[in-house]
Amino acid sequence: MTKLLEIHDLQTQFHTRDGIAKAVDGLSLSLDRGEILGLVGESGSGKSVTGFSILGLVDPPGRVAGGRILFDGEDLVAGGEKAMKKLRGKRIAMIFQDPMMTLNPVLRIDTQMVETVQAHADVSRKAALARARDALVRVGISSPDERLQAYPHQFSGGMRQRVAIAIALLHEPDLIIADEPTTALDVTIQAQILSEMQALCAQSGTALIWITHDLAVVSGLADRLAVMYAGRIIEEGTTAGIISKPMHPYTKGLIESVPQGKEHGTLLRQIKGMTPSLLKLPEGCKFAPRCPRADAACKPEPPLEERETGRRVRCVHPHTEPLAEEAAPT
Amino acid sequence: MTDAATDDIPAPDGPVAVKIDSPAKRFAREFASDPIAVVGLILFVLIALIAIFAPLIAPQDPYDLAQLSIMDGGLQPGESSFGTGMTFWLGTDTQGRDMVSAIMYGLRISLFVAAVSLGLAITIGTVIGVTAAYFGGKIDSFIMRIVDLQLSFPAILIALILLALLGRGVDKVILALVIVQWAYYARTVRSSAIVERRKDYIDAARSLALSDRRIMFRHLLPNCVPPLIVVATVQIAQAIALEATLSFLGVGVPITEPSLGLLIANGYDYLLSGRYWISIFPGIALVLTIIAINLVGDRVRDVLNPRLDT
Amino acid sequence: MTDTPVIEIDDVSKRFTRHLDIAERTANRLGAGIKEQTVHAVDGVRLNIRGGEVMGLVGESGCGKSTLGRMVAGLSEPSDGRILYRGQDRSAMSRAEARNAALKVQMVFQDPMSSLNPRLRVRDIVGEAPQVHGIVGRREVAAYVEDILEQVGLDPSTAKRYPHQFSGGQRARVGIARALAVKPDFIVCDESVAALDVSIQAQVLNLFVRLREEFELTYLFISHDLGVVEHISDRIAVMYLGRLVELGAAEDLLKQPNHPYTEALVAEIPTFETEKRIYSAIKGEIPSPLNPPSGCHFHPRCPHAHERCRKEVPVLKEVAPGRLSACHLNDEA
């Protein structure tokens, strides 16, 4: 059986006045049915652009300049907008950080949801409405009939995000791409949404790509993690593997710079320097200027190599020891 | 965190400082990308230069009676003087005044009145608008009610009433123009200052115990300039037109210092008797001036506007 | 340090009232009965911050933590109660004294972009206030600014740049430099690292720790992120819908939260997991501060709520040495 999603050598570029910014540069990735992948990176790493590229939502001045995105065996890049339209919202759905990207502020929730149902399914309004109601119940919205008649602005931020998730679920897609959907929410609400997403994916066998800057949030949710830096994947593997034994110095640095369970009031281990501009990337390994292990061997850019079973790392000097005790997972 | 949509798109102010043009340079480049606006700008600069240097370049001083000869009265464009032999390219008026010179001097008065009233109105309007936005509350409501009241009457009506009370005179026209225009600037500055006022850098300045005056004029005001420029380019054309209207109606500048509007009015009586040039050429000068300013103003607005919300 | 707290928050409340406009007042004359809406953003908070300590203030959106921070920084006035700086009420001071006290309490803001004036160069952003207040002379100001920039880890040559020429982390440092330039002894950090990337956030947190020692600073560290707050704070205060619900030593509070809300917050701190985590979220939404629940504000979401919680507001009282909590459950145990 083919993989649900296979990305080969994806190139997404933005044309700016100061040159071409390679937001995603040679990214390869695959995803099984029902699998949850955490796509982790800081701002400018290309994680969101990767999500937008899969859905064909990259707008000028950006464009997908190369590579193949195979969804269930079908090439989305070659298929163009026409092929994408058939899939988007039906088999692949997206959840944004700001739910108002999905919701139309001037339409009632029922109108929007019925419209979404009828866009891909030939059903009566009544049947569509029933499906909308079901979806709201599944994301934990109480009194769905009342909620259906409301406008988005009558909801809190968490509730809006739930409605957006419900809309994504309407057609029971094979793949959901979620771009920082809980970042703007309060922690107690974030936990609710995480728990619901987890349950929903388990129930329906939907695969999920969870794009986030927060390694900790996604570690409790994802089966596998892919860490991005400067448009590339620099480490990929099982969540347990990466969290307990990060091999790339950047991944290790990311885990260590999150303050938790460490001697409080002390200094955090920090990654020196800052994220490079995509217009002025260093030669060789893109992380080398910030890396404590960098030396002359880092000059040609290292390939993403399998170092252990199921673990790919883009580094010539990977860490091979598990993370020290104080930073170990709790 | 950062906005998802723009998160991964390299910002122009990206981490490693990419070379960035100064805002002025960027403005100049974007402005120049519209050729019609550039033509407007060149035309406007030309007109302004003519107005400024009129006494130096005009063929004659149209208000030095010694240089005028009644013999030359009402000559057609292209005819020559009977006395000095000088050619009147745009003809003469009934008193033998060279229309080219009269238009140059007229432009000078028109632009002077507009520029001075613009400067005063901007200053007054800006101070009032920033004050209203910074202090807010009752002060703001009070000031803005006055502004609303002022703007609800047509400018021409207010100006006519004022000048009927004050009498003619360049200073009085300027005063009238300031009074009818300050409210536009006050409203414009206030609306952008209210947005800026909520930003943290104003709170930071307040917690640094800087004086209100310093915060208002050094921190708040410079960030409200772009919309002010847009309104100013529209308003200066309005001011020129309004002055011309007032002078045409006979309540504006005195006969001794005729602006374009007054020149048009002077020639109006002869329009039907065939001496079209006394009115028409000053009219064309007025129209060209206003068109040039509007072309520049439209482009300025297009270039500056997208940045109003960033 | 002395026993007088640097900042004493004495039963402070802040109410925001939306007054009726003319149309609504007219409608009321005709019997519409539209009421003015009042939000109790901060409701009777008492909190002492001792010299040299880091007081963490956590809570979710709408809990009033930022409003409280702004009042401490002198950016807004309490509706009720007083905020004392070293035992003195700022509103009772002379003008010069009040100005000096104001300079002693500075604020570092959340958004590193909007908190810097885009039209000023860094040397003016940092150097203006010390020069205006006579902390440094006109001639020394350039050297003074460069010195402070170095202290916060910025290259002194960046003094001539504008804010847009910096990255987010550098802007945050400029904001810190601006606050330090007037020699404060108390800094309110309002979500000061929330907008930064993880790796940059660690750098800035480390900077806060270092500066605290070097300049003997006291912090009020406001954040929604309990993990970050726990790392940097000595004591933590937890707010919910305008009220203080728990206060205690940082480590202790996280290990043994007393209030059910604190317990929920602690449980939701994202931690690194190697196994799939079972999220046990507390139910319900944060209620609107316009119309908060009766009694204990947390009761509709609390797993232990009973009749008394619906009726009676729990008072904040000592449940262990140095630990305050506002929960009726403590009475029954």
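The model is predicted: local features need pLDDT of at least 70, side-chain atom pairs count only at pLDDT 80 or more, and totals for chains, interfaces and linings use all residues. Residues are numbered from 1 along each chain as written, chains are lettered from A in the order written, and side-chain values use heavy atoms, without hydrogens and water.

**The sheet of chain C.** Select the eight strands of the open, mixed sheet, ordered S6-S7-S8-S3-S9-S10-S12-S11; strands (E, at least two residues) and helices (H or I, at least four) are DSSP runs numbered from the N terminus. S6 (105-108) and S11 (317-320) stand at the edges with a single partner strand each, so one side of each has no neighbour in the sheet. Next, show S3 (54-58) and S8 (218-223) of chain C, which pair in the parallel sense over five bridges; pairing requires at least two DSSP bridges. Gly56(C) has Phe221(C) as its bridge partner in S8(C).

**The contact with chain A.** Select the 42 residues from chain C and 51 residues from chain A that form the contact (heavy atoms within 4.5 Å). On the chain C side, the elements giving two or more residues are H7 (198-215), H8 (226-232) and H9 (250-255). H7(C) gives the most, with nine residues. Zero salt bridges are counted between the two chains (Lys or Arg side-chain nitrogen within 4 Å of an Asp or Glu carboxyl oxygen).

**Chain B.** Finally, select residues 107-297 of chain B, whose end C-alpha atoms lie 19 Å apart; the span is 82% helix and 0% strand.
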